[in-house]
Amino acid sequence: RPSVTDERFKRRMQRVADAIRLGDAQMAHTSFFPLVAYAQVKDVAKPERDYRFRLLNNFDRDVREYRKALGRDAEHAELIGVDVPEARVEWMKPGKEGNRLGYFRVLRSRLRFRLPDGKERSFELTSLISWRGEWYVVHLHGFE
């Protein structure tokens, strides 16, 4: 079961936050569920195509949308926390979500930011999935 207090997790979430602040999704691609893992875990035809043209494209779009929602001072926002509802972590057995291998999944985590004016904003991390004992983002905002 992955840790949310591990330094690697914190760095991964900081990269997602920085990508949102700066509107540059590519900065957070290393925080996204790896293609090699997706190809092994999911039982879908042409996993590389699904990964690149659906999952990663949606992630990039959501980063841009969150950036816009932060407003004109987005680049000065500060990540103040990541709320992961650990009580809702589930073990997804093979076959449960079109997967060949099992993994841990948690839905509806939140990234919390503080803007320069002191106001706080939070954004959903719709789905985190484990790979080799680490959490990765799969869906940033909604399932598609």
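Ala, Val, Leu, Ile, Met, Phe, Trp, Tyr, Cys and Pro count here as nonpolar, Asp, Glu, Lys and Arg as charged, and the others, Gly among them, as polar.

Before we start, a word on the model: it is predicted, so local features need pLDDT of at least 70 and side-chain atom pairs count only at pLDDT 80 or more, while totals for chains, interfaces and linings use all residues. Residues are numbered from 1 along each chain as its sequence is written, and side-chain values use heavy atoms, with hydrogens and water left out.

**Exercise 1. The largest pocket**

Task: Find which residues lie closest to the centre of the largest pocket, and describe its lining by element and by class.

Solution. 
Step 1. Take the rule: on a 1 Å grid over the protein atoms alone, a pocket is an open set of points with protein on both sides within 12 Å along at least five of seven lines, and a cavity is a set of points where a 1.4 Å probe fits but cannot get out; lining residues have an atom within 4 Å of a point. Grid points are joined across faces, edges and corners, and a volume is the space filled by probe spheres set on the points.
Step 2. The volume of the largest pocket is about 200 Å³. It is lined by 15 residues, with Lys42, Arg54, Glu97, Val138 and His139 closest to the centre.
Step 3. Helices (H or I, at least four residues) and strands (E, at least two) are DSSP runs, numbered from the N terminus. Two or more lining residues come from each of H3, S3, strand S4 (120-131) and S5. H3 has the largest share, three residues.
Step 4. Sorted by class, the lining holds eight nonpolar, two polar and five charged residues.

**Exercise 2. The largest cavity**

Task: Work out how many cavities of 30 Å³ or more there are, and what lines the largest cavity.

Solution. 
Step 1. The count is one cavity of 30 Å³ or more.
Step 2. The largest cavity holds about 50 Å³ of space. Twelve residues line it, and Asn58, Phe59, Asp62, His139 and Gly142 lie nearest its centre.
Step 3. Helix H3 (47-70) and S5 are the elements that give two or more residues to this lining. H3 gives the most, with five residues.
Step 4. The classes in the cavity lining are five nonpolar, four polar and three charged residues.

**Exercise 3. The salt bridges of Arg8**

Task: Identify the salt-bridge partners of Arg8, and explain why its pair with Glu134 ties together separate parts of the chain.

Solution. 
Step 1. A salt bridge is a side-chain nitrogen of Lys or Arg within 4 Å of a carboxyl oxygen of Asp or Glu. The whole structure has 15 salt bridges.
Step 2. One partner of Arg8 is Asp6, at 3.3 Å from N to O. Another is Glu134, where the closest N and O atoms are 2.7 Å apart.
Step 3. Arg8 belongs to helix H1 (residues 7-22) and Glu134 to strand S5 (residues 134-139), so this pair ties together parts that are 126 residues apart in sequence.
Step 4. Now check accessibility: buried means under 20% relative accessible area, exposed over 50%, and partly exposed in between (1.4 Å probe, protein chains only). Arg8 is partly exposed at 42%, Asp6 is partly exposed at 21%, and Glu134 is buried at 11%.
Step 5. Finally, a network of salt bridges links Asp6, Arg8, Arg12 and Glu134.
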